[in-house]
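Please keep the sequence and the structure in view while you read.

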Amino acid sequence: MDCEKWQARLPSEYVSHEAFFYYDAALKEWLQRYKFQGDTRFAQIMSATIQTFLKKSPDAVVVPIPVSEASYAKRGFNQCEELLRIASLPYENWLINISFEKKQSEKKRQERLKTAQPFQLAPTFNKDITSVILFDDVYTTGRTLMHAKHVFAEAGVKRITSFSIGR
């Protein structure tokens with residue numbers, strides 16, 4: 001399991017993660033329709049699940065994983081932000097994606113694991129925050145969340161966890 005590998009490899013950078021569903025063919029199809037065709041029914045269906053999950057950590061700030069400028073320009077939205085918006089949940093855009101590499105979904109596993117740090121903190125980051133929950137739509141290798149966690153850990157955030165729709 002990827003989480004166990006990350007914990008063994010980088011124990012100080014391990015991030016606790018929870019996924020709602022197994023990333024199977026049906027979930028992949030739903031996510032593709034949502035992300036690439038703008039079918040927001042998926043976000044509406046996920047609202048209650050996300051709301052219930054986040055009730056467990058009322059003091060944490062949710063931070064969606066940002067998409068690249070190219071992905072945002074192509075889609076017109078960030079899929080994680082839209083899921084949170086439709087669920088009427090507060091979140092902060094405290095990460096900026098500065099990567100110009102190809103999308104993670106276009107990379108093989110080993111390429112994903114070698115990806116350079118794609119994130120930096122946004123100037124709006126609140127340095128007094130002690131707990132952050134990172135949100136990505138799909139957890140594949142864990143590399144994206146590990147990069148995001150590293151940025152917040154370097155900024156002094158003490159508790160960093162994550163969740164995703166699929167894994």
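A residue is called buried when its relative accessible area is under 20%, and exposed when that area is over 50%. The model discussed here is predicted. With that cut-off in hand, Asp137 counts as buried, because its relative accessibility is 5%.

**The chain as a whole**

- The secondary structure of the protein chain consists of 7 helices and 6 strands, and along the sequence these follow the pattern α-β-α-α-β-α-α-β-α-β-β-α-β.
- The protein chain has 167 residues, of which 47% count as buried.
- If we take the contacts between residues at least 6 apart in sequence, 79% of them join residues that are at least 24 apart.
- The chain exposes about 9300 Å², and carbon and sulfur atoms supply 51% of that area.

- Helix H2 covers residues 25–37, and its 13 residues should span 18 Å at 1.5 Å a residue; the C-alpha atoms at its ends are 17 Å apart, which agrees.
- Which residues of H2 are buried? They are Leu27, Leu31, Tyr34 and Lys35, and because they cover an arc of only 85° around the axis, they lie on the same side of H2.
- The exposed residues Ala25 and Gln37 are carried on the face of H2 that is turned away from its buried side.
- At the N-terminal end, H2 is capped by Asp24, which has a side-chain oxygen 3.3 Å from the backbone nitrogen of Ala26.
- Just after H2 comes Gly38, which takes a positive phi of about 70°.
- Asp39 is found in the loop between H2 and H3, and with a relative accessibility of 13% Asp39 counts as buried.
- The side chains of Asp39 and Arg41 are joined by a polar contact of 2.7 Å, and, when residues up to four places away in sequence are not counted, Asp39 touches Arg33 and Tyr34.

**The nonpolar cores**

- The largest nonpolar core has 23 residues, and those with the most contacts inside it are Phe42, Ile50, Leu54, Leu83, Phe135, Phe163 and Ile165.
- The elements that give two or more residues to this core are H2, H3, H5, E5 and E6, and the largest share, 6 residues, comes from H3.
- A second, separate core has 17 residues, including Trp94, Phe119, Val132 and Val157.
- If its neighbours within four places in sequence are left aside, Leu54 is in contact with Val62, Leu84, Leu89, Ile133 and Phe163.

- Phe135 has its place in strand E5, and at 0% relative accessibility Phe135 counts as buried.
- Not counting residues up to four places away in sequence, Phe135 touches a list of residues that includes Ile50, Val62, Leu83, Phe163 and Ile165.
- Phe135 and Ala148 are 13 residues apart along the chain, and their C-alpha atoms are separated by 10.0 Å.
- Asp137 also lies in strand E5, and its contacts, apart from neighbours within four places in sequence, are Leu31, Lys35, Gln79, Cys80, Ser164, Ile165 and Gly166.

**Helix H7**

- Helix H7 runs over residues 143–154, and its 12 residues reach 17 Å from the first C-alpha to the last, which is close to the 16 Å expected at 1.5 Å a residue.
- Is H7 largely enclosed or largely open? Of its 12 residues, 9 are buried, so H7 is largely enclosed by the rest of the structure.
- Among the buried residues of H7 are Arg143, His147, Lys149 and Phe152.
- H7 is followed by Gly156, whose phi is positive, near 95°.

**An exposed loop residue**

- Ser88 lies in the loop between H5 and strand E3 (95–97), and at 65% relative accessibility Ser88 counts as exposed.
- Although Ser88 is not a glycine, it has a positive phi of about 55°.

Key: Residues are numbered from 1 along each chain as its sequence is written. This is a predicted model: local features need pLDDT of at least 70, side-chain atom pairs count only at pLDDT 80 or more; totals for chains, interfaces and linings use all residues. Side-chain values use heavy atoms; hydrogens and water are left out. Helices (H or I, at least four residues) and strands (E, at least two) are DSSP runs, numbered from the N terminus. The expected span of a helix is 1.5 Å times one less than its number of residues. Buried means under 20% relative accessible area, exposed over 50%, partly exposed in between (1.4 Å probe, protein chains only). The arc is that of the directions from the helix axis to the C-beta atoms. A polar contact is a pair of N or O atoms within 3.5 Å; within protein, one must be able to donate a hydrogen and the other to accept it, and residues adjacent in sequence count only if both atoms are side-chain atoms. A nonpolar core is a set of buried Ala, Val, Leu, Ile, Met, Phe, Trp, Tyr and Cys residues joined through side-chain atoms within 4.5 Å. Contact means heavy atoms within 4.5 Å. Accessible areas come from the Shrake-Rupley method with a 1.4 Å probe; for residues, only the protein chains shown count as cover.
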